[in-house]
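Subject: Structure handover and notes

Dear colleague,

Here is the structure for your files. My notes on it follow below.

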Amino acid sequence: VGSDVIDTDFMVRISDVYPTGEVRLIQDSAIRMRWRDGGVTPQYMEAGEVYEVSASLWNTSYAIAPGHALRFVVTSSNYPRFSANPNNGELLIQNSTSSPINVANNILF
């Protein structure tokens, strides 16, 4: 993955899409890029760099009924399930209004 900001999120969701259009979540996962390597010190991104990350969706087993479909979604937000990331590198606990909220332009490779 890559981005033009120093921190962003990647969210992965698997859903069951019913023939009626109704959607039921099967499993989801979040990757906050500053914590992609674990640890207690944030590791910020650099524009133009490519990062390999894995989304853990645990062991998932699901039977798809006839007429249903699987939907795989990768996005940069899953609010309110996960805190919104301002993409500016500030720790969320800082809750500062002095730094701008950045729109992330992300890419999947």
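Which backbone oxygen does the side chain of Asn 88 reach? The oxygen belongs to Pro 100, and the distance is 3.0 Å. A polar contact here is a pair of N or O atoms within 3.5 Å; within protein, one must be able to donate a hydrogen and the other to accept it, and residues adjacent in sequence count only if both atoms are side-chain atoms.

Before the rest, the conditions. This is a predicted model, in which local features need pLDDT of at least 70 and side-chain atom pairs count only at pLDDT 80 or more, while totals for chains, interfaces and linings use all residues. Residues are numbered from 1 along each chain as its sequence is written, and side-chain values use heavy atoms, with hydrogens and water left out.

The chain as a whole

The protein chain has 0 helices and 5 strands, in the order β-β-β-β-β along the sequence. Both kinds of element are DSSP runs numbered from the N terminus: helices are H or I with at least four residues, strands are E with at least two. The C-alpha trace spans about 50 × 30 × 25 Å along its principal axes.

Of the 109 residues, 29% count as buried. Buried means under 20% relative accessible area, exposed means over 50%, and partly exposed is in between (1.4 Å probe, protein chains only). The chain exposes about 7,300 Å², of which carbon and sulfur atoms supply 52%; these areas come from the Shrake-Rupley method with a 1.4 Å probe, and for residues only the protein chains shown count as cover.

Among contacts with a separation of 6 or more, 66% are between residues 24 or more positions apart. Contact means heavy atoms within 4.5 Å.

There are 7 positive and 11 negative side chains, and the centres of the two sets lie 9 Å apart. Lys and Arg count as positive and Asp and Glu as negative, with His and the chain ends not counted. Each charge is placed at NZ of Lys, CZ of Arg, CG of Asp or CD of Glu.

The nonpolar core

The largest nonpolar core consists of 6 residues: Val 1, Phe 10, Ile 31, Met 33, Met 45 and Tyr 51. Such a core is a set of buried Ala, Val, Leu, Ile, Met, Phe, Trp, Tyr and Cys residues joined through side-chain atoms within 4.5 Å. In soluble globular proteins, nonpolar side chains tend to be buried together.

Phe 10 sits in strand 2 and counts as buried because its relative accessible area is 5%. Leaving aside neighbours within four places in sequence, its contacts include Val 1, Ile 31, Met 33, Val 74 and Ile 107. Val 74 is 64 residues from Phe 10 in sequence, yet the two C-alpha atoms are 6.6 Å apart. Tyr 51, with residues up to four places away not counted, touches Val 1, Met 33, Arg 36, Tyr 44, Met 45 and Glu 46.

Val 17 also belongs to strand 2, which covers residues 9-17. Its relative accessibility is 14%, so Val 17 counts as buried. Beyond four places in sequence, Val 17 touches Glu 22, Val 23, His 68, Ala 69 and Arg 71. From Val 17 to Arg 71 the C-alpha distance is 6.7 Å, across 54 residues of sequence.

The loop between strands 4 and 5

Asn 88 lies in the loop between strand 4 (69-75) and strand 5 (106-107), and is buried because its relative accessibility is 15%. Outside four places in sequence, Asn 88 touches Ile 6, Ser 99, Pro 100 and Asn 102.

Pro 86 is in the loop between strand 4 and strand 5. Its relative accessibility is 15%, so Pro 86 counts as buried.

Backbone points to check

Most residues other than glycine have a negative phi, and most peptide bonds are trans.

- The peptide bond from Tyr 79 to Pro 80 is cis, with omega near 15°. Pro 80 is in the loop between strand 4 and strand 5.
- Asn 87 has a positive phi, near 60°, and is buried at 7% relative accessibility.
- Trp 58 has a positive phi of about 55°. Trp 58 lies in the loop between strand 3 (23-32) and strand 4, and counts as exposed because its relative accessibility is 71%.

Regards
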